[in-house]
Amino acid sequence: MNAEPSNVAATHGPVRIVGAGLLGASIGLGLSAQGVPVTLSDASPTAQALARDVGAGAIARTEDAVPTLVVVAVPPDVAARVVAAELRAYPGAVVTDVASVKSVILAELAAMASLDLSRYVGSHPMAGRERSGAGAASADLFVGRPWVITTRAGLDPQALLAVRSLAVDLGAGPVQMTPAEHDDAVALVSHLPQLMASLTAGRLVEAPEAALGLAGQGLRDVTRIAASDPRLWSAILTGNAAAVGTHLRGVRDDLDGLLEALDRAAVDGPLALGAIAGMAGVISAGNDGAARIPGKHGGLRKRYSEVTVLVPDEPGELGRLFTEIGEIGVNIEDFQMEHATRQRVGMAIVSVIPASATTLEVALEERGWRVVAP
């Protein structure tokens, strides 16, 4: 069910959304909850009807009022064609797309005749889920997430403001970049991780069952996003091929150095000259890079202490743990859950500020929880 309209949205409707998948439907849900009129259009009648049924808006009709804002939420390989059609159909509307590549779409539009590109603003909310379609949509999908808005010469400031207002209304933080800056950034922080996850998961296809039975949370973390849509990702990678290729070549260089160290250890033993340094360098660089990933409080991620607690695999036990941590007066900064195969307990890894770690460990043990030593 949608929340009661708040009528405080800066976005002025009607808003037309083309593409009723995860992003399009989530945008529709968020705007509809604030009383903004939304219409939905999708090449698939089934997807369109599902988005309507979950509350993302009404199915578009020819007699609808002319939109003030059009959001194109289709795969990047067809985004330029759809954006062009919407610019021509609604000459008074601002048009944005939310595809995950920007330069190639702008280049395709610039090559088309008779388009008023001053009303087109490329954008990209940095949010998503492993599941796709309107059935996975959420009005809160964009809350607290960056929303890139691309800038360029000739852009109408009012069009830029309209898309910025859309992002803010949906709870996102607007970030302005050029299309090239955006594409290089997402190649590193989004597209490269997808490929690393897929490459790792691909090595498991013919892995022995005995090996898979030993899998822990590390493998699950690395491969979590490997279950993505191959067709969508083929379009994304094709559209950002140059930037992705640059970062992949950097990974290849790192792999070559690591392989050289491993080969030395395999031939000359673990104390071979340069072998340990080569391996440690890779892990150390990973430590340094991971420490730069922003955390929930912004800026450089804090270095938290982890408290690992064994949790019985029974209904209500995890909730009881959270409740008691709250009663102890310690704030949970981050959380992971590991569950080994065929075990009747899970390991709850609770990240807290270092000054609270010992207090939490002692208090939990006093309450009967088993805390695993670091």
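This is a predicted model: local features need pLDDT of at least 70, side-chain atom pairs count only at pLDDT 80 or more; totals for chains, interfaces and linings use all residues.
**Notebook: rings, helices and a far-off loop**

I started with Phe 322, which is partly exposed at a relative accessible area of 34%. My cut-offs were under 20% for buried, over 50% for exposed and partly exposed in between, with a 1.4 Å probe and protein chains only. Residues are numbered from 1 along each chain as its sequence is written, and side-chain values use heavy atoms, with hydrogens and water left out.

**Aromatic pairs**

I looked for aromatic pairs and found two in the structure. Rings of Phe, Tyr and Trp (its six-membered ring) pair if their centres lie within 6.5 Å; planes under 30 degrees apart are stacked, over 60 edge-to-face, and the rest tilted.

Phe 142 and Trp 147 make a tilted pair, 5.3 Å centre to centre with 50 degrees between the planes. I checked Phe 142 and got 0% relative accessible area, so it is buried. Trp 147 is also at 0%, so I wrote it down as buried.

Phe 322 pairs with Phe 335 edge-to-face, at 5.1 Å centre to centre and 80 degrees between the planes. This pair links distant parts of the chain, since Phe 322 sits in helix H12 (residues 317-328) and Phe 335 in strand E10 (residues 334-338), 13 residues apart. Helices (H or I, at least four residues) and strands (E, at least two) are DSSP runs numbered from the N terminus. Phe 335 has a relative accessible area of 26%, so I noted it as partly exposed.

**Helices H6 and H10**

Next I looked up how H6 (residues 179-202) packs on H10 (residues 241-268): the angle is about 60 degrees and the axes are 9 Å apart. That makes H6 oblique to H10, as angles under 35 degrees are roughly parallel, over 145 roughly antiparallel, 65 to 115 roughly perpendicular and the rest oblique. Axes are lines fitted to C-alpha atoms, for helices over the stretch in contact, and angles run from 0 to 180 degrees between N-to-C directions.

I listed who meets whom (contact is heavy atoms within 4.5 Å): the H6 side includes Asp 183, Leu 188 and His 191, and the H10 side includes Val 244, His 247 and Val 251.

**A loop residue**

Last, I found Ala 65 in the loop between strand E3 (58-59) and strand E4 (69-72). Its relative accessibility is 53%, so Ala 65 counts as exposed. Ala 65 and Ile 349 are 52 Å apart, C-alpha to C-alpha, and 284 residues apart in sequence.
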